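Subject: Structure handover

Hello,

Here is the structure I promised to pass on. Please open it beside this email, and then read the notes below.

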Amino acid sequence: MISFTVTAVVFGVVFLAELPDKTALAGLVLGTRYRASYVFAGVAAAFALHVALAVAAGSVLTLLPQQIVQALTGVLFLGGAAVLLLKKDGDDEEIRKPENQSFWKVAGAGFMLILVAEFGDLTQIMTANLAARYDDPLSVGLGAVLALWAVAGLGIVGGKALMRRVPLALITKIAALLMIGLGVWSLFEAVA
């Protein structure tokens, strides 16, 4: 059974953390060069694979004693917040242009870019933490993949307009504050 609450919390946290990430920019660049639906297909497949790996890793963590899991996820959330707050702007990924506009070339380019760029990324680690915290792999996986797809879609279709209206620094700070809150709450639960 899928928990709407867990899915919504995961969606919010992952969405805000991914929005200022380099993949939103990569999606924007790919979306301006190629057919948006082809780019999204490749990017969405790569994100689904990353979420599956993260949820599996987080599910393994649930085998540990609950206090250790709470303490570990608290520390990792606080570390993720520090990474967001200390990250320097301008971390652009180089995007190789496929020779033609075929579905497989464009989707493949999007898939490979995200597969490589997101491996071990903050949101993948956060998803593993959330899977360990909530012990609800389906709800966490659904929330994370929907958030990543939403950010990819925004980046591909409307990234320029969003960045004009909402400062990237504000989005980053909101995501970091949410992660600090989750980290402190997890540490509190570990000690209580």
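In which helix is the place of S59? S59 sits in helix α3. Helices here are DSSP runs of H or I with at least four residues, strands are runs of E with at least two, and both are numbered from the N terminus.

Some ground rules come next. This is a predicted model, in which local features need pLDDT of at least 70, side-chain atom pairs count only at pLDDT 80 or more, and totals for chains, interfaces and linings use all residues. Residues are numbered from 1 along each chain as its sequence is written, and side-chain values use heavy atoms, with hydrogens and water left out.

**The chain**

The chain has eight helices and zero strands. From the N terminus on, the order is α-α-α-α-α-α-α-α. Of its 192 residues, 45% are buried. Buried means under 20% relative accessible area, exposed means over 50%, and partly exposed lies in between (1.4 Å probe, protein chains only). The chain exposes about 9800 Å², and carbon and sulfur atoms supply 70% of that. Such areas come from the Shrake-Rupley method with a 1.4 Å probe; for residues, only the protein chains shown count as cover.

Now the contacts, meaning heavy atoms within 4.5 Å. Take those with a separation of 6 or more: residues 24 or more positions apart account for 91% of them.

**S59**

S59 counts as partly exposed, at 26% relative accessibility. Leaving aside neighbours within four places in sequence, S59 is in contact with A131 and P137. S59 and P137 are 78 residues apart along the chain, yet their C-alpha atoms are separated by 6.8 Å.

The structure holds one cavity of 30 Å³ or more. A cavity is a set of points on a 1 Å grid over the protein atoms alone, where a 1.4 Å probe fits but cannot get out. Grid points are joined across faces, edges and corners, and the volume is the space filled by probe spheres set on the points. The largest cavity has about 40 Å³ of space.

Which residues line the largest cavity? They are F47, H50, V51, E118, T123, Q124, T127 and L148. Lining residues have an atom within 4 Å of a point. Helices α3 (36-61) and α6 each supply at least two residues of this lining. By class, the lining has three nonpolar, four polar and one charged residues. Ala, Val, Leu, Ile, Met, Phe, Trp, Tyr, Cys and Pro count as nonpolar, Asp, Glu, Lys and Arg as charged, and the others, Gly among them, as polar.

H50 is in helix α3. H50 is buried, at 4% relative accessibility. Not counting residues up to four places away in sequence, H50 touches I114, L115, E118, F119 and Q124.

**T7**

T7 is in helix α1 (residues 4-18). Is T7 buried or exposed? T7 is buried, with a relative accessible area of 10%. The side chain of T7 reaches two backbone oxygens: that of S3 at 2.9 Å, and that of S139 at 3.3 Å. Beyond neighbours within four places in sequence, T7 is in contact with I2, S139, L142 and G143.

**D135**

D135 lies in the loop between α6 (122-134) and α7 (137-165). D135 is exposed, with a relative accessible area of 53%. D135 is not a glycine, but has a positive phi of about 50°. Most residues other than glycine have a negative phi.

Best wishes

Definitions and conventions. 1 Å grid on protein atoms, 1.4 Å probe; cavity = no way out; pocket = protein on both sides within 12 Å on 5 of 7 lines; lining within 4 Å. Polar contact = N/O pair within 3.5 Å; in protein donor to acceptor, adjacent residues only side chain to side chain.
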